[in-house]
Amino acid sequence: MNIEIGEYKGKKIIALSGDIDMYSSPELREKIMALIKKRIHTLCVDFNKVSYIDSSGIATFVEGLKGMKSFGGRLQFFGVPPRIMDIFNFSKLDRVFEIYGNIEDAISS
């Protein structure tokens with residue numbers, strides 16, 4: 001997995017590519033928790049180039065969401081590929097996470 005952190009229209013963006021699994025989740029968790037510690041109000045995660053996510057990846061995002069909500073922050077996803085969206089739908093996590101089609105929809109919400 002590759003992790004790139006940047007900004008777009010004043011919002012912090014984490015662009016991911018590759019597999020989010022038990023091997024890569026600890027690094028992702030570290031990056032997300034560092035941003036939460038800085039109390040970034042809105043954190044947008046770009047899933048466009050993510051090919052796979054397992055339960056450890058999902059757990060990382062659940063923990064990130066809890067951390068963001070602890071101070072009123074928002075964790076938003078966008079560009080989630082259909083097969084990964086199926087996982088969020090099946091597990092009903094599509095009702096827990098803010099999921100948008102593209103970056104513009106996410107930042108304008």
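Helices (H or I, at least four residues) and strands (E, at least two) are DSSP runs here, numbered from the N terminus. This is a predicted model, in which local features need pLDDT of at least 70 and side-chain atom pairs count only at pLDDT 80 or more, while totals for chains, interfaces and linings use all residues. Residues are numbered from 1 along each chain as its sequence is written, and side-chain values use heavy atoms, with hydrogens and water left out.

**The whole chain**

Start with a cartoon view. Along the principal axes, the C-alpha atoms fill a box of roughly 30 × 25 × 25 Å. Of the 109 residues, 43% are buried (under 20% relative accessible area; exposed is over 50% and partly exposed is in between, with a 1.4 Å probe and protein chains only). Among contacts (heavy atoms within 4.5 Å) with a separation of 6 or more, 67% are between residues 24 or more positions apart.

**Strand E3**

Now select Thr42, which lies in strand E3. Thr42 counts as buried, at 5% relative accessibility. Its side chain makes a polar contact of 3.1 Å with that of His41. (A polar contact is a pair of N or O atoms within 3.5 Å; within protein, one must be able to donate a hydrogen and the other to accept it, and residues adjacent in sequence count only if both atoms are side-chain atoms.) Leaving aside residues up to four places away in sequence, Thr42 touches Lys11, Lys12, Met68, Arg74 and Gln76.

Stay in E3 (residues 42–53) and click on Asp46. What is the nearest side chain of opposite charge to Asp46? It is Lys49, 7.1 Å away, and the buried Asp46 has no salt bridge (a side-chain nitrogen of Lys or Arg within 4 Å of a carboxyl oxygen of Asp or Glu). For charge, Lys and Arg count as positive and Asp and Glu as negative, with His and the chain ends not counted. Asp46 does have a side-chain polar contact of 2.8 Å with Asn48. Beyond four places in sequence, Asp46 touches Ile13, Ile14, Ala15, Leu16 and Phe78.

Rings of Phe, Tyr and Trp (its six-membered ring) pair if their centres lie within 6.5 Å; planes under 30 degrees apart count as stacked, over 60 as edge-to-face and the rest as tilted. By this rule there are 7 aromatic pairs. Zoom in on Phe61 and Phe77: the ring centres are 5.0 Å apart and the planes at 70°, so this pair is edge-to-face. The pair links distant parts of the chain, with Phe61 in helix H2 (residues 55–69) and Phe77 in strand E4 (residues 74–78), 16 residues apart. Both Phe61 and Phe77 are buried.

**Two loops**

Last, check some backbone angles. Most residues other than glycine have a negative phi. Arg39, in the loop between helix H1 (25–37) and E3, has a positive phi near 55°. Arg39 is exposed, with a relative accessible area of 56%. Then jump to Lys92, in the loop between helix H3 (82–90) and strand E5 (98–100). The phi of Lys92 is also positive, at about 65°, and this residue is partly exposed, with a relative accessible area of 47%.
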